[in-house]
Amino acid sequence: MDGNSIAITGGHVVPVEGEPIDGGTVLIADGKIAAITAPGIAPPPGAEVIDATGKWVLPGLVDAHTHLGAREEGEGWAGTDTNELTGPVQAHVRVLDAINPADEGFRDAIAGGVLTVGVTPGSSNPIGGQTVAIHCWGQTVDDMVLRSPAGMKSALGENPKRVHDNRRVNPSSRLGTAATIRAAFVEAANFMAKEDQSPSSSAERTGATAVRDLKLEALARVLRREIPWRQHCHRADDIATALRLAAEFGYDLVLDHGTEGYLIANKIAAAGVPVVTGPLITSRSKVELRNRTLANPGLLAAAGVTVSIATDHPVVPVHLLIVQAALAVKEGLDPHAALRAVTINPARILGLADRLGSLVPGKDADLVIWSGDPLDVMSRAEAAYIAGREVYRYDHAARAGVFATPWGGPNP
């Protein structure tokens with residue numbers, strides 16, 4: 001191995017996909033996981049050795065539902081760019097264009113072991129716009145992007161009803177919200193049918209430029225199942241509506257929040273739809289949260305639903321993602337399932353499972369060294385690596401984290 005090689009030795013390695021290895025070694029080469037070896041195997045010559053004896057080594061955590069960078073920490077109205085309220089259908093807007101990588105929330109994420117996030121638009125519109133999957137470290141958002149778009153945000157229930165009713169524009173009810181979504185998909189299907197016309201179309205014969213429509217092009221990607229439909233819904237009846245609409249139009253559905261999912265867990269499991277549940281440690285701040293419970297992830301998983309846990313940052317601060325997982329374990333979720341819910345499951349939802357979410361040779365070397373079991377709230381992330389580069393280390397003497405600069409120079 002060359003100078004770009006790292007051997008993290010002696011730790012309790014939790015690959016997530018595979019059995020834990022006590023005293024194992026994670027070998028990193030050229031930003032990828034090269035191998036995971038059993039105890040007693042010496043690191044290859046030339047590798048930088050990181051002693052993780054007594055510590056836990058896990059893949060970087062993944063939070064599939066946040067507003068990091070688009071709803072900035074400590075910036076008030078000036079840093080809030082999650083909802084475009086000029087109309088109920090905003091399929092063409094990209095949250096990518098609103099993300100500020102200088103948001104302090106990204107540093108909080110890394111300090112909490114969260115290296116990858118899904119950033120979504122807000123839930124004020126029936127169709128809110130395109131999501132993105134990014135690393136939590138980079139000089140510009142373009143350096144951070146892992147998949148764009150990573151999904152299409154949509155909302156049912158209280159939020160779009162409240163926002164648009166106040167503005168006296170359609171929709172102002174649950175039936176109006178569902179009708180708006182259905183109409184948009186019908187229009188997109190008609191657009192696709194025109195696109196699929198034979199090459200002998202009049203536009204091609206005359207050399208005319210095809211007319212583009214950013215909204216319909218984006219919705220067509222959902223109907224082609226290129227990206228999932230990320231459905232904000234809390235109440236059981238809204239979850240049922242989400243399942244109904246997905247069955248009608250045939251797209252890949254992901255349920256976001258799913259607060260009352262446990263009430264119809266059998267229906268969700270039968271449909272094979274994953275749930276990104278959270279935020280879990282909030283008050284019952286609105287009617288839809290009346291039946292919230294920390295037992296929801298465990299009850300969903302017991303019914304056979306694939307579960308991810310999310311913070312909805314800044315609703316719950318992103319560094320508390322692992323704390324939410326620990327509290328879900330306290331209320332019945334299996335500990336291994338809890339770790340999957342903040343690693344490989346959200347990675348799959350974001351379309352990134354081939355690159356991250358577990359410690360598997362060939363995947364990106366995105367990993368975190370913890371002081372102990374991350375499901376113990378007394379444990380902390382002590383070092384974080386993205387693509388094999390150390391981006392964070394906790395300084396015990398200073399009781400503060402030290403971050404690498406994305407541009408390679410000194411910290412200001």
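Hi everyone, let me begin with Arg 399, which counts as exposed because its relative accessibility is 64%. Here exposed means over 50% relative accessible area, buried means under 20%, and partly exposed lies in between, with a 1.4 Å probe and protein chains only. Arg 399 sits in the loop between strand 16 (389-395) and strand 17 (400-403), and its phi is near 55°, a positive value in a residue other than glycine. Helices (H or I, at least four residues) and strands (E, at least two) are DSSP runs, numbered from the N terminus.

A quick word on the source. This is a predicted model, where local features need pLDDT of at least 70 and side-chain atom pairs count only at pLDDT 80 or more, while totals for chains, interfaces and linings use all residues. Residues are numbered from 1 along each chain as its sequence is written, and side-chain values use heavy atoms, with hydrogens and water left out.

Asp 312 lies in the loop between strand 13 and helix 10. Pro 314 lies in that loop too, and the peptide bond from His 313 to Pro 314 is cis, with omega near 15°. Another cis peptide bond joins Gly 278 and Pro 279, with omega about 0°; Pro 279 is in the loop between strand 12 (275-277) and helix 9.

A pocket here is an open set of points on a 1 Å grid over the protein atoms alone, where a 1.4 Å probe fits, with protein on both sides within 12 Å along at least five of seven lines; lining residues have an atom within 4 Å of a point. Of the 31 lining residues, the closest to the centre are Asn 159, His 257, Lys 286, Asp 312 and Val 315. The lining divides into five nonpolar, 20 polar and six charged residues. For those classes, Ala, Val, Leu, Ile, Met, Phe, Trp, Tyr, Cys and Pro count as nonpolar, Asp, Glu, Lys and Arg as charged, and the others, Gly among them, as polar.

On to helix 10, residues 321-330. Which of its residues are buried? They are Leu 321, Ile 322, Gln 324, Ala 325, Ala 326 and Ala 328. Gln 324 counts as buried because its relative accessibility is 0%. Leaving aside neighbours within four places in sequence, Gln 324 is in contact (heavy atoms within 4.5 Å) with Pro 279, Leu 280, Ile 281, Ile 309, Ala 310, Thr 311 and Val 316. After helix 10 comes Gly 332, whose phi is positive, near 120°.

Last, helix 6: seven of its 10 residues are buried. Its cover includes strand 8 (127-135), strand 9 (145-155), helix 4, strand 10 (229-233) and helix 7 (236-249). Helix 4 (residues 174-195) and helix 6 (residues 214-223) pack at about 90°, with axes 9 Å apart. Those axes are lines fitted to C-alpha atoms over the stretch in contact, and angles run from 0 to 180 degrees between N-to-C directions.
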